[in-house]
Amino acid sequence: MESENRRGFIKKSMLASAGLTVGAPAYIKGFVKNPPSDVINVAVAGIRSRGGYYYGGSGHTAQFTKIKNSRVVAVCDVDENLFPVEIEQIEKLGGAKPKAVVDFRDLCDDKDIDAISIATPDHWHGLQTIWACQAGKDVYIEKPLAWSLEEGRKMVDAARKYDRIVQIGTNYRSNRISQKAIQLLQDGIIGDIYMGRATIFGHRRNIGRVPDSPVPEGVHWDLHRGPAPMIPFNKNHFHYNWHWYWDTATGEFGNNGVHNIDRIRVAMKKNEHPVKIGCCGGFYAYDSDQEVPNLQVGTYEYADGTIIELEVRSLYTPKEEEGIIFCGTKGYAMLGDNSFKTFAKESGQNLTKGDEQSSKRQGELQSMNLTMDDLDPDPMREEYEKSKIEYHFVNFLDCVRSRRREDLNSEVEGGHLSTALSHLGNIAYKTGRKLIFDGKTEKIVNDDKANTYLTRQYRHPYVMPDEV
């Protein structure tokens, strides 16, 4: 569909690529609607993995179909071969047949859509979120927030300028154990936290080396590549394997690491950027086309001297007991997906003393082991859990109705601060040197080469505007 709207978009994109300041594309004017009060019409973009049926039947399309008073009215993907199964599964869950859309911009043109849920590859997150905000849509955007640090800031700017509700998919922030743990840590259960450390485990297979091949029927390769450089079709750069290349992804620091450093940042009350960043690692064991490392260790120092660490191991490794460790002046804590353990001198009320051997080893520290069974009953949340509905999506829809972005469990600005840690770690890895970062300007100090990694050269016509 080559409409006047589409031609207007391309014209604006070309102006932006020429270095001229442009505002919102003309075609979105007048699209902002009153907040929906009844059924929220949701479009889901990116249905191959987290977005759709292939994610174990619990992806975005299933979530928004199962949640009361929301419905999936459109699904969007660059691979048309995914549509039949996805539509069938939505109908099996009780939803009406959604539209099948190839080009994301057609979702922005659709006045009947209230919100867009985005589970596309990392390199598309920035442009698609900004376009959606400009078109008056609220946005649920999968982690990582953006492909680059500069994109993340522009996404925040767009959400503010167009008064949009934008939730990032760091869904552990809606996990009840995580919420309780963050509260206890902020209240000082282990004293002042001077270090938080996250370790991400997840064995990744060898993708090997694959020759280029013709574009499969039904695949829109140009749309898949979008703002990234155009290359011949190669299945090692397509479905999920796009994760392993810098031009489309953010490595495991952005893919999964952001889940844990996000919770660490919030628990440590770090509503700012770090000032010093270092990172080492490499790609080991495999003969492969892969570019991103499968071992990576990053350190982040804040102005007050406190530290966040992130380590990703994607090869064979002993899996330690918990994913996040907090070290404080009165003890330490370990936070997993469904448990929270503390060992502290003054742990608070209703704590039991640890076993004799552990107490001696820890200097007579008291211990607490908090599980889901220890939380106060919450019938509504428990009903969602039984139905395999993730509360993070419910929280998003509640805020779409209320228009209270402060009630979002993982709002876009906090998502930018957390995702920026992933970006800065990757830049330190790529440059091989320690970075000094100015959080006010969001620039790396006295390092022109490192600053080139804060953004990208966009491919026409998929160009980020100078102003959103």
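Tutor: Two residues are in contact when heavy atoms lie within 4.5 Å of each other. Keep that cut-off in mind, and keep in mind that this is a predicted model.

Start with one serine. Ser 178 sits in helix 7, which covers residues 176-186. Is Ser 178 buried or exposed? Buried means under 20% relative accessible area. Ser 178 has a relative accessible area of 0%, so it counts as buried. What does Ser 178 touch, leaving out residues up to four places away in sequence? The partners are Tyr 172, Arg 263 and Leu 335.

Follow Leu 335. It belongs to strand 12, residues 331-335. Four of the five residues of this strand are buried, so strand 12 is largely enclosed by the rest of the structure.

Which strands pair with strand 12? One is strand 11, residues 324-328. Strand 11 and strand 12 are antiparallel and share five bridges. Within this pair, Gly 328 is bridged to Gly 331 of strand 12. Two residues separate the strands, and the unit is a hairpin.

The other is strand 13, residues 339-344. Its pairing with strand 12 is antiparallel as well, again over five bridges. Here Met 334 has Lys 341 of strand 13 as its bridge partner.

Strand 2, residues 70-76, runs parallel to strand 3, and three bridges join them. In this pair, Cys 76 stands opposite Val 101 of strand 3.

Next, a helix pair. Helix 6 (residues 149-161) packs with helix 13 (residues 412-431) at an angle of about 175°, and the axes are 9 Å apart. Angles over 145 degrees count as roughly antiparallel. The two helices are therefore roughly antiparallel to each other. Which residues meet? Helix 6 brings Leu 149, Gly 152, Arg 153, Met 155, Val 156, Ala 159 and Arg 160. Helix 13 brings Val 412, Glu 413, His 416, Ala 420, His 423 and Leu 424. By class, that contact holds seven nonpolar, three polar and three charged residues.

Finally, the whole chain. It has 14 helices and 17 strands. Of its 468 residues, 57% are buried; Ser 178 is one of the buried residues. Among contacts with a separation of 6 or more, 71% join residues 24 or more positions apart. The chain exposes about 20100 Å², and carbon and sulfur atoms supply 49% of that area.

Methods
Residues are numbered from 1 along each chain as its sequence is written. This is a predicted model: local features need pLDDT of at least 70, side-chain atom pairs count only at pLDDT 80 or more; totals for chains, interfaces and linings use all residues. Side-chain values use heavy atoms; hydrogens and water are left out. Axes are lines fitted to C-alpha atoms, for helices over the stretch in contact, and angles run from 0 to 180 degrees between N-to-C directions. Angles under 35 degrees count as roughly parallel, over 145 as roughly antiparallel, 65 to 115 as roughly perpendicular and the rest as oblique. Ala, Val, Leu, Ile, Met, Phe, Trp, Tyr, Cys and Pro count as nonpolar, Asp, Glu, Lys and Arg as charged, and the others, Gly among them, as polar. Buried means under 20% relative accessible area, exposed over 50%, partly exposed in between (1.4 Å probe, protein chains only). Two strands pair if DSSP finds at least two bridges between them. Accessible areas come from the Shrake-Rupley method with a 1.4 Å probe; for residues, only the protein chains shown count as cover.
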